[in-house]
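I opened my notebook to keep track of what I looked up, one entry at a time. Here is the structure I had on screen.

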Amino acid sequence: MTVQISTAAGRDRFVGSAISRVDGPAKVTGLAKYAGEFAAPDLAYGVVVSSAIAKGRIKGIDAAAAEAVPGVIKVITHENRPATSDKPEDYQDAVAPPGAPFQALASDRIVFSGQPVALVVAEDFETARYAASLVRVDYEVTAPQTDIAARTDDSYDPPMKREGIKPPPEPWGDASKAFDAAEIRVSAQYRMADEHHNPMEPHASTVVVEKDGTYTVYDKIQGVTNTHQYIGGAFGLKPEQVRVLNPYLGGGFGSGLRPQYQLFLAMLAARDLGRSVRVTLTRDQMWSFTYRSEAIQTIALGAEPNGKLTALKHDAVQGTSTYEDYQEVVVNWSGVLYECDNVALSYSLTKIDTPTPGDMRAPGAVTGVYAIETAMDELAYATGQDPIALRLKNYTDHDQTEDKPFGSKALKDCFRQGAERFGWSRRDPQPRSMREGRELVGWGMATGIWESMMMQSSAQAVLTADGRLEIGNQTGDLGTGTYTILTQIAADTLGLPLDHVTTKLGDTNLAQAPVAGGSWTAASSGTAVMKACRDIAEQAFRLARGLENSPLANVDFERVVFSNGRIEVTGDPSKSIALTDVLKASRTEKLEATGEAAPDKDFGEQYNAYTHSAIFAEVKIDEELGVVRCTRVVSAIAAGKIINLKTARSQILGGIVMGIGSALHEESMLDHRIGRFMNHNLGEYHVPVNADIHDIDVIFVDEEDKANPLGVKGLGEIGIVGVAAAISNAVFHATGKRIRHLPITIDKIVAEG
Amino acid sequence: MNRFDYVRPGTVAEAVQALGADPAARFIAGGTNLIDLMKYDVEKPGKLIDITRLPLGEIEERDGGLRIGALVTNAALAYDARIKERYPLLSSAILAGASAQLRNAASTGGNLLQRTRCYYFYDTATPCNKREPGTGCSAIGGVNRIHAILGASDQCIATHPSDMCVALAALEATVQVSGPQGDRAIPFAEFHRLPGDEPSRDTNLAPGEIIVAIDLPAQTFTTHYTYLKLRDRLSYAFALVSVAAALELDGQTIRTARLALGGVAHKPWRNGEAEALLQGQTATRKTFEAAADLILREAKPQSTNGFKIELARRAIVRGLEQAAAGTPQSQSDKRIQ
Amino acid sequence: MLIDSGSPGAVGTIGITLTINGERRELQVAPWTTLLDLLRERLDLTGTKKGCDHGQCGACTVLVNGTRINSCLTLAVMKDGAEITTVEGLAGLSQREGKNSLHPIQEAFVEHDAFQCGYCTPGQLCSSVGLMNEGHAKTRDEIREAMSGNICRCGAYTNIVDAIEEVMHQGDAR
């Protein structure tokens, strides 16, 4: 079934326009509340004590001084930790990789630096913080291993594959032989840095113990269902004993996909003390779980002199923790992007003594596409081809890794429109050929790609007699604009004004929906909302047609349209009835429906679905001083239908800014002697600030896609993918120096001459 | 953060007395570094003496120069019309540092006393001779791309983080202090220390002393100056290397040269020999390179900061070029002149 | 001594007066309570955000006597007598000027989509008002630099500059 249902029973009025965020007023007045901000009577505060070592064991822990501080309620350590489930699988959340998830305070063993070793609970925050500083921990230290470059020999193919993560495809052709035989060969190693998500809101959980003994939990999570399931497993609670909410997230970027240890500790303390507890992590503690782990990548490209690829090899070794096999798709993109008869892709892991890495905005794609798109630029120079021409020469309309056509792929339009907006035709390809005053100017480009996904999702809708509609489900709005686009979809489907629609998210009392991640939310929740509203439309229509003297008598559903709060016969506005009148006249208090959305199996069997982009970047470089300024970025995006031009543009802007960070600034620096990230704060881990960001231009190219009835493909990740490559290619164009290790900081430019 | 007592004196004498009476006490003014360090348990004062109500918030004319009260905020100082007109180097250096919010809170005296940004100094999980004398220096052989290349010791390789102080060093300011033994003036070059074998001491302030003012001498550099700061992002980051350069030129001949470096040592770095070398010379790149080479002759790299030596050399040359050309670095337009 | 918290080691609190968003409040605070924690944990003014607690992100920016500062690095007791404006009070600021809706900068932020997750937004807004009060930044370069003390991880920077520019030009028109 690939027939496209109309987006709405009503006319598209809001969908496709640039509506301001519906949650905007709450956010600009400070009324939007985040997980660590909900009040509760008698709330206690927990502060986490973090391990000073990366590996070893706790020989002794002395909490006496902390416990003696007036106002301290309890200090929980591995020695006195109340029991929770003893089955490791009970701690496995919905997006957990294979392995045994970390459990806080489970034993005296230390497996990463910054691991929680105690929770100090007190009557107020300052008392807990002070007492936490008094907890003395005596360690037995084992030398940690955190340098993946020194551990590549021990790399392995993960025995258990992570659900939803495609392992590299079987090789086809003979890449090694073809590479050796190729006239043009490009081969290099590419490295980037470990990066941390650093959403502006540090992770926090407020666990409220209700009078009836149930728990209301406010948790920083990208989907309350995951927290709900985790608490149920770890604490042996029935679903009805726990309600999880998280109406607003202060950014996630993947860091909020899995329940983190502050939730476990807050829940542990609340259950133990029988009183409400809040645990908020410090910014420094944001380096003690989940990060984008560096991969050491090698790419070998063989080509004919005209640029046609004859061999493509892409190998990656990525770090994971000692206790879980985190996996992401790093190398497959090379096989999906370019047509080539001889391809070999490999991906392996190596274990290091850090927390388990996790999904961070476009996980794997940021890493792998950086490497392949830099290598393609190298090939462009090796063959004397324009970088766009080279990509067109190797363009493919079908996904070779699975031998399926793409459902849609408007990448050529991205190249064309992006190049035109950027002024690419004015580029002199010669490195070091463009200057402005003292600065070298460089123009580079790259392709971006992300898999377009959809997840099983439901949504509820209630239309009340006053003509107001409430919709919602459990998913989270990370700042992505989900509240707004769901409101638009609902308003259009039922022909209601925007301010008659209220969207509720992030509450386990609402309809089931998965975590918000992978760019699947617009497609999944959007379709579910549309279906729920369409169901209500049909119910309302049936009621209306059944009314005495109904203006819709003898009219089929297909012949009516929902508009301005009314059902009217298409082409004959004189025949119409207000929804409020329908409910009133039929003595109906409210109409309710639940919509279910799931990936279209038929479509999935026939097609593979990806979003694409073409990124063009300009850098200006003071070569002598090593200062790189990214002065201009144009990103042309092919991601199906755009529901909200304003919030969609913001999604892409955000991805580009994070991509600039990845290219030029961001680097979590490990001291391998002690296995500790040393620049664990926002002063020394440099995310881009306002002064780093100049002109950014976003283009959405038209693309019709039929994977779901809305025609959307998702936007959360695609904005960042390829940005680092475009910038590093621009740096090469400016300087003639190929820097294959991100971030491109002053020292690297200076070291090159 | 530890617990502490709090007092708020109304006079300098009261403040000095309060500090003298309690060795665990600390003055607090802007608080932008002290509270930061207290939250990391790096500083654990038993008492805070809030000096913000002392009458030290004025900028006054004095002996042809200006006397800046210790409590004048960094922002008030940078935007003061007299400073902008007569000491634009100082204004520029201040605006190159921190953020608008921090500059609005931070005081002049406090800026002199801000502590290093060495990762290990800040992290109580690691040994640090500056934080806990005798425990060792973790930065040596560790993550040290931001650390010192000049004047370091085998006890400490930290750098002084201030931008303002680099300009004050170049301008040859004087620090006025008051203490139990009375008032005294400390030439800026003698205010901060090198780590030596006592890295826990950042400055030569004697126990119980308070900074009351900074005196700027009559000599100003209003045309040929620059503050050039190189860092890991274009704003809101500490200097990898910074250069305060000020020249007086007679045609193309250098009559006076002042040069101070930030981000490279435990104190704003000056080299009298190099300044003397510039004097009387023609303002050419070659001259500047000779000065840079002289300054960096003694430079020593750590495991991962060797690039800073070459970067400093280039920054010195460019800074002097900017100063000589009368094209000071803009702190908002990030294109380097 | 103007103020003395009392005998060493005692958990003494100190009486202070703050005018917060136009409302005068008499408060007893411990010396170690930051202005940020006072607002968020004691006064339920959670609009002001804690992003780093060390003056490295700007999410906690509030206006003290019209000047923007990081409330995380400010002890409440030291601001005795001050007038504090938080994001919750910005609309009130413009109401005092005879308008009855949001502050123009709040409206401009919504219109220009100058935020996504909203967590840095209160700090960005207070910082924007502080910037305009200061009057030093006029060009886009200057605004970018003057707003660099407010990190936005969602990357709304260009929209933030657009919003500020628009409101500044409205001011010029008046």
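This is a predicted model: local features need pLDDT of at least 70, side-chain atom pairs count only at pLDDT 80 or more; totals for chains, interfaces and linings use all residues.

How many positive and negative side chains does chain B have, and how far apart do the centres of the two sets lie? I got 38 positive and 36 negative side chains for chain B, with the two centres 5 Å apart.

**Entry: chain B as a whole**

I counted up the secondary structure next, and chain B has 13 helices and 12 strands. Then I checked the radius of gyration. A compact globule of 337 residues would come out near 20 Å, and chain B has 19 Å, so the two agree. Along the principal axes, I read off a C-alpha trace spanning about 60 × 50 × 35 Å.

I also looked at what is covered up. Of the 337 residues in chain B, 66% are buried. The accessible surface of chain B is about 11,100 Å², and carbon and sulfur atoms own 48% of that. For contacts, I took pairs with a separation of 6 or more in chain B, and residues 24 or more positions apart account for 65% of them.

**Entry: helix 13 of chain B**

I wanted to check one helix by hand, and I picked helix 13, residues 307-325 of chain B.

Is helix 13 of chain B enclosed or open? I found 16 of its 19 residues buried, so helix 13 is largely enclosed by the rest of the structure. Just past its end I noted B:Gly326, which takes a positive phi of about 70 degrees.

**Entry: chain C as a whole**

On to chain C, where I found 6 helices and 6 strands. In what order do they come along the sequence? I wrote the pattern down as β-β-β-α-β-β-β-α-α-α-α-α.

The C-alpha atoms of chain C fill a box of roughly 55 × 35 × 25 Å along the principal axes. Buried residues make up 66% of the 174 residues here.

I put the surface of chain C at about 5,600 Å², with 45% belonging to carbon and sulfur atoms. Among its contacts between residues at least 6 apart in sequence, 52% join residues at least 24 apart. For charges, I have 15 positive and 22 negative in chain C, and their mean positions are 2 Å apart.

**Entry: helix 3 of chain C**

Why do I call helix 3 of chain C largely enclosed? Because 6 of its 8 residues, in the stretch 104-111, are buried. I listed the buried ones: C:Pro104, C:Ile105, C:Gln106, C:Ala108, C:Phe109 and C:Val110. After helix 3 comes C:Asp113, and I noted its positive phi, near 50 degrees.

**Entry: chain A as a whole**

Chain A has 17 helices and 30 strands. Its radius of gyration is 27 Å, close to the 27 Å from the globule rule for 753 residues, so chain A is as compact as a globular protein of that length. I got a box of roughly 85 × 70 × 50 Å for its C-alpha atoms, taken along the principal axes.

In chain A, 69% of the 753 residues are buried. I put its accessible surface at about 24,100 Å², with 48% belonging to carbon and sulfur atoms. Of the contacts in chain A with a separation of 6 or more, 81% come from residues 24 or more positions apart. The charge tally reads 74 positive and 97 negative side chains, with the centres of the two sets 3 Å apart.

**Entry: A:Val712**

Last, I zoomed in on one residue. A:Val712 is in the loop between strand 30 (695-700) and helix 16 (723-735) of chain A. Is A:Val712 buried or exposed? I have it as buried, with a relative accessible area of 3%.

Which residues does A:Val712 touch, leaving aside neighbours within four places in sequence? I found contacts with A:Ala522, A:Ala523, A:Ala639, A:Lys641 and A:Ile643. I also checked A:Val560: it is 152 residues from A:Val712 in sequence, and the C-alpha atoms are 25 Å apart in space.

Definitions and conventions: Residues are numbered from 1 along each chain as its sequence is written. Chains are lettered from A and ligands numbered from 1 in the order in which they are written. Side-chain values use heavy atoms; hydrogens and water are left out. Buried means under 20% relative accessible area, exposed over 50%, partly exposed in between (1.4 Å probe, protein chains only). Helices (H or I, at least four residues) and strands (E, at least two) are DSSP runs, numbered from the N terminus. The radius of gyration is taken over C-alpha atoms; the globule rule is 2.2 Å times the number of residues to the power 0.38. Contact means heavy atoms within 4.5 Å. Accessible areas come from the Shrake-Rupley method with a 1.4 Å probe; for residues, only the protein chains shown count as cover. Lys and Arg count as positive and Asp and Glu as negative; His and the chain ends are not counted. The place of a charge is taken as NZ of Lys, CZ of Arg, CG of Asp or CD of Glu. The expected span of a helix is 1.5 Å times one less than its number of residues.
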